[in-house]
Amino acid sequence: MDIWKLLLTGSVTTVLAFVVGMLYMGLRRKITARVQNRVGPPIYQNFLDVMKLWSKKSSINHGFMQHVAPLWMIATSITTLMFIPILNNGSTFFTNLTFEGDLIMLLYLMVVGSLGMALGAGQTGNPNSAIGVTRGLTQMVGFEIPWVMALVALMIQHRTTTVAGLLDVQVQSGTWLMLSSPFAFIAALLAIPGMFRYSPFDIVGAPAELASGPISEFGGKYLGTMMTNGAIFAFVKLTLFVDIFMGGASNLGFLLLKTFALYMFPVLWGLVSPRFRTEQAVRFFWGWPVFFGVLGLIQAAI
Amino acid sequence: MSNIIIILAIFGWAILTYIAFRLNKTLGNIFVGLIAVALPVYYFTYVPEDYSFQVMGLTLQFGFTSFSSLFAILVVILGALTLLYSIPYMNKKDRLGWFYLNFLFSIGGMLGILMSKDFVSLFIFWEIMTWSSYLIVIFSGKKVNKVGVKYMVYSAIGAYAMLMAIVLINKWSGTTNISHFFETFADYSNGAKILSSLLLLTAFAVKSALMPLHVWAPNAYTNSPMSYTSLFSGALSKMGIYGMALVAIMLYTNTGMKFFGEALAWLGAITAVLATFWAVFQTDIRKLLAYSSIGQLGYIAVGLGIGTELGVMAALFLALLHGLFKGILFMAAGAIEYRTGKTDFSELRGLIWKMPVTFFSALVAIIALAGMPPLSGLISKWLIYEALLSSEHYFLIILIFLSSTAAFLYCFHFLYGVFLGQREDDIEDVKEAPALMLVPMVLMSFGLLALGTFPGLIFKHISSSMSYLGFNDVTWEMSVLTNEWGNKIYLTHLNTMFMVVFAVFFVIITLVARKKTRRVGTKDIANAGEPILAEDNYHFSQDFYKPFWRVISPVMKYRIETFYNSFANGIGEFFQFFRRVYTGNGQTYALYVVIFLTILFIVGATLI
């Protein structure tokens, strides 16, 4: 493999993911504001925030694990991004490492960042951080189950475990998997808000009780890295979902359209929902989403 | 020369060590260090040959097969490292000669099991291993009744099951040769097949703590000294896996009795889920690790139960890997116990500042346990999922996924509860563990790191040992994994990518505003404007996963131990009835004699 090409395309992909993710988060703030009858910040406000954080004169550090926690997260996001197909038109520019990993590996790769975050938050000594982490892990046990059920159904039905393979299935048949496997799609879609941790699943940050939870001791360059990571990771999750269920995209315009449409689901749901308690969140995910997941598995088995 | 000499040498050395400790402690420690070095050197340089002799009409045969030598590697390496670790760890304790006698006997017993080619010698060595481990479980002298008796009863159940199987097999086939049994198994009647294989499976399942025969394990793992528990959980329980693999593959998969294999896989999956849930709520680090061990062995049973090539490969890989990472974790728990004297989460915190090497070894082991890249745990998890996917086990894979996601909870609890959180003054005089305790942990961490990118180092041995189980031409590559559908992952690319991005950002984040980064203590935190006083500590250790408990408590009410206890109570009450008759009072017995004679007299009188 050509290292220099990977370096070039990888950087371009990363920057694309960063810009798109940041814009989406800005749009979310704008939409939230308009729904609540406020003017709201400009769409580019998040770029300003990141720049401000990176140029902060001082930052506070409680120890080595806190120092490396944001790196752990951003390394996870960028590595995951490299393994996800951006476009489905066979263009070699965005290939990166797409054909060198599969979904099972991605599932495990995507949680590495959370572990780093958990350890970093744990070292700060802030009790809110540790409480937030336990809540986040508990919630993860909740939403991973319907999400994995959906993926297992698709993987066994189409006898491939790669994202590229599932994408090929959709390109060749011309049907999106969300239409041919509706139950798996519903299960996965209901798990998405848990991954984004917007209301009603914002129990990890929980501004009112935990004072933003795990990130409460991170500031300056650390918080800047985390915001950067948040933007990239949002793009990763949306693109992965679009690739698996919505047929991918043949050019960047379609990609933006589809990912934005998908992104609106957790955002709009969050706007009209109060916060769940942790156990309510897990019970929610183990209720209807798992039911649809089981239907999806049965559909795949028949 | 025969290879039985290794075992005799170990037993002989065990007795010499015992004598040495009676004479002088230092001399004894030297003896232990010598065998720890000699064991791997001897094993890896010596080419063993088969050996057999006749005794009382039975032929006893010894020799490693390609399958058992895979487990022997684990026993030898882990045995040597735990012996080294024991020297400083046990140094302050009494009766060391007795401890090392049993320690070496269990290593010898394990190697004997792996060398046995007939059931009788297998049984003898199995019992040597069980007895020596029992004597170490009760070595501390605490909870002998509660823990020791439980372990003994379950081991006895296993031993009787095995003995019965051996007697039956000898009766049916006239020989106790193991490979002869496997070859002729297909000719047995259905009843004989089911009975003999289930009896053997019971014996092995007890040792590997498969539910519902796991009840002894958490307490036995906790009660023995941690240096031995590393071996106990890492290698000794793998003897159960060794036997289980033979039963599952040779008897079930290869003879078309797939149903029993499936049942074993489901038992394994249930074990994995429930043991993981219990591990999440433990408040003692040793108990947490013990339950986690039971759960991990559940995964191995799943891989063996489904019996496909990838499944067996996953099971064997995880068996070796579990020896490494659980070895490290129990050693880390031992190091913490050695330096602080505490093992409860409510008493420990902030040790990362005092025991950094222990922390990083434990971190490596935890990442491997959780199955995250860039370490080798990912490979075992990946193999087992791919095996389940390609053999279309839709619901089994969900259970395994539930278990391994819930495992993140206790992984975090272990690292956070012991090493992180708010520092307190009571750890100020804690020191890093002695070098001899760190060396085994660090060595094994490097092993985990290397296997994370180059699993081929172990796949080489696994593929040759799988040919014994009937899987010929197992394909493997040094750092590329392939599933049955041809999907690949390239570990070198994944791991290099991760590490390079990590390193780049490490440089950036360290250099940006480097001079202005303030390093503060863990009590200098954002706390709604209220400073934390010196005497306060806000470390989070109580009710750690309370919300999760609220979710799953309906399931956790049903414990097999409750059933066993009520069964035991029922038996007890049944015998209480006899107790009323046999009161132990001489006068009562005299009365019985009088009553008996009277009845005899009356009956006799009426008859005449």
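The buried residues of helix 1 of chain A are covered by elements that include helix 2 (45–54), helix 3 (64–82), helix 10 (220–245) and helix 11 (252–271) of chain A. Contact here requires that the C-beta atoms of two residues, placed from the backbone, lie within 7 Å. The model is a predicted one, in which local features need a pLDDT of at least 70 and side-chain atom pairs count only at pLDDT 80 or more, while totals for chains, interfaces and linings use all residues. Residues are numbered from 1 along each chain as its sequence is written, and chains are lettered from A and ligands numbered from 1 in the order in which they are written.

Helix 1 of chain A comprises residues 3–35, a run of 33 residues, and reaches 47 Å from its first C-alpha to its last, close to the expected 48 Å. That expected span is 1.5 Å times one less than the number of residues. Helices (H or I, at least four residues) and strands (E, at least two) are DSSP runs, numbered from the N terminus. Among the buried residues of helix 1 of chain A are A:Gly10, A:Thr13, A:Thr14, A:Ala17, A:Phe18 and A:Arg28. A residue is termed buried if 20 or more other C-beta atoms lie within 10 Å of its own, exposed if 12 or fewer, and partly exposed in between, with C-beta atoms placed from the backbone. An α-helix has 3.6 residues a turn, so residues three or four places apart point the same way.

Helix 1 of chain A is followed by A:Asn37, which is found in the loop between helix 1 and helix 2 of chain A. A:Asn37 has a positive phi of about 65° although it is not a glycine. With 7 C-beta neighbours inside 10 Å, A:Asn37 counts as exposed. In chain B, B:Glu392 likewise has a positive phi, of about 60°, and is not a glycine. B:Glu392 lies in the loop between helix 15 and helix 16 (394–419) of chain B and is partly exposed, with 14 other C-beta atoms within 10 Å. Most residues other than glycine have a negative phi, and most peptide bonds are trans.

Two cis peptide bonds may be described in turn. One joins A:Ser199 and A:Pro200, with omega about 5°; A:Pro200 is placed in the loop between helix 8 (182–196) and helix 9 (207–210) of chain A. Another joins B:Pro373 and B:Pro374, also with omega about 5°, and B:Pro374 is placed in the loop between helix 14 (356–370) and helix 15 (377–390) of chain B.

Chain B contains 22 helices and 5 strands. Its radius of gyration is 27 Å, close to the 25 Å that the globule rule gives for 608 residues, so chain B is as compact as a globular protein of that length. The radius of gyration is taken over C-alpha atoms, and the globule rule is 2.2 Å times the number of residues to the power 0.38. Along its principal axes, the C-alpha trace of chain B spans about 115 × 60 × 55 Å. Buried residues account for 53% of the 608 residues in chain B. Of the contacts in chain B between residues at least 6 apart in sequence, 79% join residues at least 24 apart.

Strand 1 of chain B (residues 51–55) is hardly covered, with 0 buried residues among its 5 residues. This strand pairs with strand 2 (residues 58–62) of chain B in the antiparallel sense over 5 bridges; pairing requires that DSSP finds at least two bridges between two strands. B:Val55 stands opposite B:Leu58 in strand 2 of chain B. The hairpin has 2 residues between the strands, and B:Met56 in this hairpin takes a positive phi near 50°.

Chain B has an average pLDDT of 85, and 99% of the residues score at least 70. pLDDT is the predictor's confidence in each residue, from 0 to 100. Within chain B, confidence is lowest in strand 1, at a mean of 73, and highest in helix 14, at 91. For the complex, the predictor gives an ipTM of 0.91 and a pTM of 0.90.

The contact between the chains takes 61 residues from chain B and 70 residues from chain A. On the side of chain B that touches chain A, helix 16 of chain B supplies the largest share, 12 residues. The residues of this side divide into 44 nonpolar, 9 polar and 8 charged. Ala, Val, Leu, Ile, Met, Phe, Trp, Tyr, Cys and Pro count as nonpolar, Asp, Glu, Lys and Arg as charged, and the others, Gly among them, as polar. Strand 1 (residues 59–61) of chain A and strand 5 of chain B run parallel and are joined by 3 bridges, and A:Ser59 stands opposite B:Thr517 in strand 5 of chain B.
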